[in-house]
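Hi,

Here is the structure I promised to pass on. Have a look at it first, then read my notes below.

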Amino acid sequence: MNVLSAPSAAKGGLPGGDVLTSVAILMPPGDATARALRGPQQDSIASIEASSLDHLADLVDNRIGAVLITEEALWGVGFDRLKQALAAQPLWSDVPFIVLADGTTGDRSEAASERTDDLGNAVLLPRLLRAEELLRSVRFALKARGRQHEARVRMEELQNRDRQVTESEAQFQAIANSVDQMIWSTTPDGFHDYYNKRWYEFTGVPEGSTDGEAWNGMFHPDDQERAWKIWRHSLNTGEPYEIEYRLRHCSGRYHWVLGRALPVRSADGTILRWYGTCTDIHEIKIAEEQRQLMLAEMNHRVKNTLAMVHSVVSQTLRHASNLDDARAAIQSRIGSMSQAHDRLIHSSWLEARIGDIVDTAIAPHRAEVNRFIVEGPNLLIGSKQALALTMALHELATNAAKYGALSGEEGKVRIGWSVGGEDEVFHFIWVEEGGPEVREPSSRGFGSKMIEKALAGYFRGAADLAYDPGGLRFQMTAPLEGLTS
């Protein structure tokens, strides 16, 4: 009959060929079937002749493709070593055994059955088996073994891919959470499904609460519709998204933020995701607004200076007894004005005493000592606060000289500041008394805006300018740290 042969088998030791696709053969040398199997063969299957069970165990350790063995060979020396080799196989590996029965397959002892079962993946075939059927069994076993290896390779690829994805995700999270920006991403239709930790730290909202379209509720009500319109335009066109809006901070206040986003596209141009950032530009925005306000105020100041010089000269002449006294007083007061302007220009000035700022600002108007009542501790303030306060007092004093308490004979100005309360709050007041009746102007000029907005902004506080009929009143409150920070 046609038989399975092993013309390419490695004799003794471990195989020199591809052991993964070979069948190991262990049969007694004198076995009739063994002699037939070692005969000439037309249909080649790579095989390795095992010399013993110990040798077969070594082949199992080296991932042999399949094993063809006679049942009586299982009783040789080394079976325990074979069992150990089989038990040490990885989970994916299950070596198929083809066992040729000793006698008939239906008439076997319990011990023989147990020994075959110890092999795990074993099929018992009758000894007198046609060659083509034996070949078919061997090929089937090798094919099944090949699928085990394919499954192992696929499993390792998936494990490597999962590991790479995990590492990539960890790297992304480390980068995204280390920058001082809020980072977010959306699906192609604009559904927000990711925010970095900076977003939650800035807004103070629970994680996941701004997913989807809930992000827009974090914007200032006046900015929400504009933000929606620009975002929808980017989603419809694929154009980059960029907008400045006010975002609610965890403190409850709104901060100016610059929002930007770009789409990530596939090779055919399809948008896969949107990635965006939010940058806190509140300090820059406020500084720019204050700079514009200051520039406008300086323009106003040039015009106002001439009016103030006229007021100083007029009041001096009114109270002077002779021209020499008037000349000296005018020179002194205009010199004080020059010193005040010098303080505005020298922005490198680091800090000053608040009493000195007040004295310098009102010096040109002190025709009489009792026109001003000044009270307050001589606190230190920072350079930008000193600059803003000097300008505000200059504006108030000029206004008082032109229209308020200093424009008449009996008017007075009370200036005071203090620190008090449980939260150590700074209070500053300017109150005019005894001047002409005050009427609120129909519109606020640059000076009023500078006093109420710029000054309060530099001190990080709140200011109020009230046009009481009895006299102009200005007051400001600010946290203590606002004096120097």
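Predicted model: local features only at pLDDT ≥ 70, side-chain atom pairs only at ≥ 80, totals over all residues.

Residues are numbered from 1 along each chain as its sequence is written, and side-chain values use heavy atoms, with hydrogens and water left out.

The chain's average pLDDT (the predictor's confidence in each residue, from 0 to 100) is 82, and 82% of the residues score at least 70. Go carefully with residues 1-17, where pLDDT stays under 50.

Now the inside. The largest nonpolar core has 41 residues. A core here is a set of buried Ala, Val, Leu, Ile, Met, Phe, Trp, Tyr and Cys residues joined through side-chain atoms within 4.5 Å; buried means under 20% relative accessible area, exposed over 50%, and partly exposed in between (1.4 Å probe, protein chains only). Phe428, Trp430 and Phe459 have the most contacts inside this core. Helix H11 (383-402) is one of the elements giving it two or more residues, and H11 supplies the largest share, ten residues. (Helices, H or I of at least four residues, and strands, E of at least two, are DSSP runs numbered from the N terminus.) There's also a second, separate core of 23 residues, including Val60 and Leu86.

And Leu272? That one sits in strand E10 (residues 271-280) and is partly exposed, at 44% relative accessible area.

Cheers

Key. Contact = heavy atoms within 4.5 Å.
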